[in-house]
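Please walk through this structure with the text alongside.

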Amino acid sequence: MNNQQVTKYYALLGEALEDKYLEPDMDDDIDDMSIHLGNVLAGHTVLELGCGTGFWTEVAAESAQSVLAVDINPSLVDVARERPMAEGKVSFRVADALDLPEDIGKFSAVLVSFLWSHLNKKEQEQLLATLKQRLGKDVLLVLLDDSFVEGFSETIARTDADGTTYQILTTPEGERFELPKSYQSDSALRKRLGNVSKEIKIERVEFFWILTCRLK
């Protein structure tokens with residue numbers, strides 16, 4: 001991924017990445033989104049981009065035929081490998097979602113887990129172009145990301161000349177990072193993806209949203 005700060009921040013965060021899921025008010029939303037994600041990916045051969053510690057990889061693996069979980073951070077992939085998942089059903093690979101290797105394989109679905117909102121507009125376009133080049137058309141694309149929740153989400157610190165918004169985030173050790181972070185409306189998502197995909201559907205709960213579509 002082009003943004004070195006995002007990569008470094010999540011590498012330093014490590015297993016603490018999942019601390020946000022300990023919020024009691026989030027339990028129902030996690031359950032609802034897990035059920036929805038399971039239904040969407042049932043029977044698919046899935047490429048997951050931005051798997052992190054594997055929290056949502058484990059959810060996807062429950063109904064998918066198979067999952068290749070990819071992250072740019074080797075340390076996070078190591079954490080994800082330790083999760084209890086069906087043997088032989090899930091594999092892992094260290095790779096850049098914006099520069100997928102030619103031998104990545106063939107898949108019927110792509111799950112982008114909490115990565116889309118950390119990409120600026122140029123990187124979002126690069127991701128979509130990469131997926132089209134490597135996987136072809138009619139592949140199911142699933143974007144899973146978080147919504148802005150007052151009192152829980154970090155506020156937007158600034159907006160650059162290209163319209164990319166940024167947050168200031170701090171690791172448990174106190175190191176501060178300014179990272180791209182967008183909270184896009186349904187209409188903005190549809191506009192962003194409309195030229196490259198079809199059959200766009202968006203579902204939202206308080207803490208999360210999920211978009212499904214098929215690449216043209």
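A residue is called buried here when its relative accessible area is under 20%, exposed when that area is over 50%, and partly exposed in between, with a 1.4 Å probe and the protein chains only. The model is a predicted one, in which local features need pLDDT of at least 70 and side-chain atom pairs count only at pLDDT 80 or more, while totals for chains, interfaces and linings use all residues. Residues are numbered from 1 along each chain as its sequence is written, and side-chain values use heavy atoms, with hydrogens and water left out.

G14 lies in the loop between α1 and α2, where helices (H or I, at least four residues) and strands (E, at least two) are DSSP runs numbered from the N terminus. With a relative accessibility of 15%, G14 counts as buried. Leaving aside neighbours within four places in sequence, G14 is in contact (heavy atoms within 4.5 Å) with T53 and L76. The C-alpha atom of G14 is also separated by 8.4 Å from that of G52, a residue 38 places away along the chain.

Next come the pockets. On a 1 Å grid over the protein atoms alone, a pocket is an open set of points where a 1.4 Å probe fits, with protein on both sides within 12 Å along at least five of seven lines, and its lining residues have an atom within 4 Å of a point. Grid points are joined across faces, edges and corners, and a volume is the space filled by probe spheres set on the points. The largest pocket has a volume of about 940 Å³, and among the 47 residues that line it, Y10, L13, L17, K20 and H118 are the closest to its centre. At least two lining residues come from each of α1 (4-13), β1 (45-49), α3 (55-61), β2 (66-71) and β7 (165-170), and α1 gives the most, with five residues. By class, where Ala, Val, Leu, Ile, Met, Phe, Trp, Tyr, Cys and Pro count as nonpolar, Asp, Glu, Lys and Arg as charged, and the others, Gly among them, as polar, this lining divides into 26 nonpolar, twelve polar and nine charged residues.

The second largest pocket holds about 200 Å³ of space, and of the 16 residues that line it, K121, Q124, G163, S182 and Q184 are the closest to its centre. Both α5 (121-135) and α6 (186-193) supply at least two residues of this lining, the largest share, three residues, coming from α6. The lining of the second largest pocket has four nonpolar, eight polar and four charged residues.

Which residues touch the most other members of the largest nonpolar core? A nonpolar core is a set of buried Ala, Val, Leu, Ile, Met, Phe, Trp, Tyr and Cys residues joined through side-chain atoms within 4.5 Å; in the largest one, with 32 residues, they are L37, L41, W56 and F208. The elements that give two or more residues to this core include α2 (27-41), α4 (74-81) and β10 (208-215). A second, separate core of 30 residues includes V112, V139, W209 and L215. F114 itself is found in the loop between β4 and α5, counts as buried at 13% relative accessibility, and has a positive phi of about 55° although it is not a glycine.

Finally, there are eleven salt bridges, a salt bridge being a side-chain nitrogen of Lys or Arg within 4 Å of a carboxyl oxygen of Asp or Glu. One of them joins the side chains of E18 and R83, at 2.4 Å from N to O; because E18 lies in the loop between α1 and α2 and R83 in the loop between α4 and β3, the pair ties together parts that are 65 residues apart in sequence. Another joins R192 and E125, at 3.6 Å from N to O, and since R192 is in helix α6 and E125 in helix α5, this pair ties together parts that are 67 residues apart in sequence. R192 counts as partly exposed at 24% relative accessibility, as does E125 at 49%.

Helix α6 also carries D186, which pairs with R204 in strand β9 (residues 197-204), 18 residues away, the closest N and O atoms of this salt bridge being 2.5 Å apart. D186 counts as partly exposed at 30% relative accessibility, and R204 counts as partly exposed at 36%. Salt bridges that share partners also join E18, E58 and R83 into one network.
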